[in-house]
Amino acid sequence: MADKLTGLKRSHYCGEVRENLIGNEVVIMGWISKERNLGSIVFTDVRDREGIVQVVFDDTVDKELFAKATGLRSEFVVAVKGTVRERSSINAKIPTGKVEILANELRILNKSEVPPIYIKDDDNVSENMRLKYRSLDLRKPSMQKKLFARSKFYKVTRDFYSAEGFIEVETPMLTKPTPEGARDYLVPSRINEGQFYALPQSPQLMKQLLMCSGFDRYFQITKCFRDEDLRANRQPEFTQIDTEMSFVDIEDVMEINERFLKYAFKEMVGVDITLPLKRISYRESMDRFGVDKPDLRFGLELVDVKEQVRNSGFKVFDSQVETGSIRGINIKGGADQYSRKQISKLEEFVKTYGAKGLAWIKLENGEVSSPIVKFISEDTLNSLIEKLKGEDGDLLVFVADEEEVVFDSLGNLRNKVARDMDLIKPDSYELLWITEFPLFEYDKEEERYVAKHHPFTAPMDEDIEKLESDPKNCRAKAYDIVINGDEMGGGSIRINDPQIQEKMFNALGFTSEEAEEKFGFLIDAFKYGAPPHGGIAYGLDRLIMLFTDSSNIRDVIAFPKTQSATDLLTGAPATVSEKQLKEVHVKVID
């Protein structure tokens with residue numbers, strides 16, 4: 001390759017060739033995006049990471065060069081020297097559309113076979129093809145733009161936290177397997193037979209040790225790994241912005257991170273975020289929205305109607321009055337939007353979240369239509385309409401079930417309805433904190449309480465005495481940052497008192513021996529003076545999706561995995577030889 005460039009040095013990126021260079025000689029290098037042979041003239045578009053510029057080969061100027069240009073094909077790698085001139089026909093769609101380069105030298109640096117996918121943004125090729133031929137997919141301008149944005153956000157993050165006195169520290173990739181949270185990716189040890197490392201789910205314990213070590217403020221942009229069943233926008237390996245601070249309380253952590261978000265939004269999308277951000281408790285979020293990551297860009301709030309249907313005589317409602325939950329949503333204007341057939345689809349939707357059905361009342365043209373009218377009195381009907389502030393044209397929907405099912409089904413239904421009815425204003429951002437999470441949640445499979453976040457989250461001061469006696473009602477000094485209905489980050493104040501940490505382990509069902517075996521190194525550090533500390537971690541990939549208006553997490557990661565955790569580009573995961581398995585003392589069982 002070096003000899004093909006001898007005596008030739010790139011002077012400009014393709015996207016930098018503008019009117020100020022008219023009359024100047026330039027050298028560009030890149031890929032042929034498109035070629036058009038008009039008989040005596042060949043037009044080619046040459047593309048690099050900065051854009052596209054048109055190059056002209058004229059038979060009347062240089063016949064030998066023109067003949068060479070007729071052999072150019074898409075994705076050939078070329079170097080072109082020529083003079084910048086005005087274009088006779090302006091292309092307003094590209095920044096270089098007022099100029100072109102009249103070539104006087106062409107070097108074909110490398111040829112290309114016919115690409116299996118088109119190198120254009122609207123190619124409509126399947127995602128599997130895009131991932132298999134990722135190097136070609138990443139040539140697309142839209143994909144490069146997203147990765148440039150990602151690179152910029154790395155700098156924005158480092159600039160902010162460094163200016164605030166945080167130091168960047170790398171923590172290990174090979175760590176000890178953890179008993180809580182998602183499954184670990186395990187790495188067998190060759191030297192220590194029968195023993196395993198784990199890839200970190202987060203740097204949680206290490207950053208707490210750094211606080212015990214007196215570094216005061218830490219941050220890191222790091223890879224994390226979780227071997228869990230994947231959903232549409234999750235990856236087995238993802239990038240996290242991880243921070244921790246000493247001698248702080250909840251307010252300190254929130255304040256500095258609100259300023260980070262304000263700085264990031266201004267730098268990344270030019271939006272001014274108003275501070276302080278909104279805050280609501282976990283309980284309020286569930287009561288109003290059914291989820292702990294509510295989208296505030298539209299209404300459709302949940303309304304508790306238990307009192308309105310008490311003694312209604314309708315079996316579906318009556319069965320949940322004492323022990324369950326009965327809530328509704330007023331879909332404003334929904335009577336016209338949703339036909340009976342479409343309402344049936346809404347019912348099928350809530351069933352996927354465990355609901356047994358969806359009761360509804362349609363208010364249309366001054367009349368009430370509903371399959372439940374024959375089961376309830378007129379007073380109950382009017383009471384429901386009044387409670388939900390129903391008006392002509394509205395569709396009222398209800399779910400009666402266990403509280404968890406009601407929240408899950410209606411919380412997700414409100415998001416679906418907002419999309420169906422196009423209620424979400426484009427380019428709008430709603431940020432808020434969710435606070436006072438439960439410290440524990442009950443795991444039905446394990447028949448015990450587990451940490452909702454992790455075992456090192458501090459309880460609210462007034463709930464410390466409930467740690468072992470009433471874990472269900474114990475709240476955490478935890479906080480999530482939610483943006484447009486997505487959890488973008490979460491953190492907490494940590495336990496720094498060994499006695500409280502011991503109570504936490506007891507509440508989780510760990511014996512002293514188990515706690516020592518799994519977390520002895522952290523417990524030991526606490527014995528020698530651990531400062532009050534806390535922090536937060538952001539999902540960097542999700543933030544990049546937000547800043548680039550991407551709907552697919554794989555579009556903001558250079559080399560992502562599929563939803564089944566496979567890499568179509570390299571073929572990972574793959575089998576290994578018996579020799580390799582033997583070296584790490586592992587045997588595969590069919």
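This is a predicted model: local features need pLDDT of at least 70, side-chain atom pairs count only at pLDDT 80 or more; totals for chains, interfaces and linings use all residues.
Local features need pLDDT of at least 70 and side-chain atom pairs count only at pLDDT 80 or more, while totals for chains, interfaces and linings use all residues. Residues are numbered from 1 along each chain as its sequence is written, and side-chain values use heavy atoms, with hydrogens and water left out.

Helix 5 spans residues 204-212 and helix 15 spans residues 512-526 (helices are DSSP runs of H or I, at least four residues, numbered from the N terminus). The two pack at an angle of about 20°, with their axes 10 Å apart (axes are lines fitted to C-alpha atoms over the stretch in contact, and angles run from 0 to 180 degrees between N-to-C directions). Helix 5 and helix 15 are therefore roughly parallel (angles under 35 degrees). From helix 5, Leu205, Gln208, Leu209 and Cys212 make the contact (heavy atoms within 4.5 Å). Helix 15 contributes Phe519, Phe521, Leu522, Ala525 and Phe526. Of the residues in this contact, eight are nonpolar, one is polar and none is charged (Ala, Val, Leu, Ile, Met, Phe, Trp, Tyr, Cys and Pro count as nonpolar, Asp, Glu, Lys and Arg as charged, and the others, Gly among them, as polar).

Asn257 lies in helix 6, residues 250-269. Asn257 is buried, at 1% relative accessible area (buried means under 20%, with a 1.4 Å probe and protein chains only). Beyond its neighbours within four places in sequence, Asn257 contacts Tyr161, Trp433, Ile536 and Tyr538. The C-alpha atoms of Asn257 and Thr243 are separated by 9.8 Å. These two residues are 14 residues apart along the chain.

Terms used
Angles under 35 degrees count as roughly parallel, over 145 as roughly antiparallel, 65 to 115 as roughly perpendicular and the rest as oblique. Buried means under 20% relative accessible area, exposed over 50%, partly exposed in between (1.4 Å probe, protein chains only).
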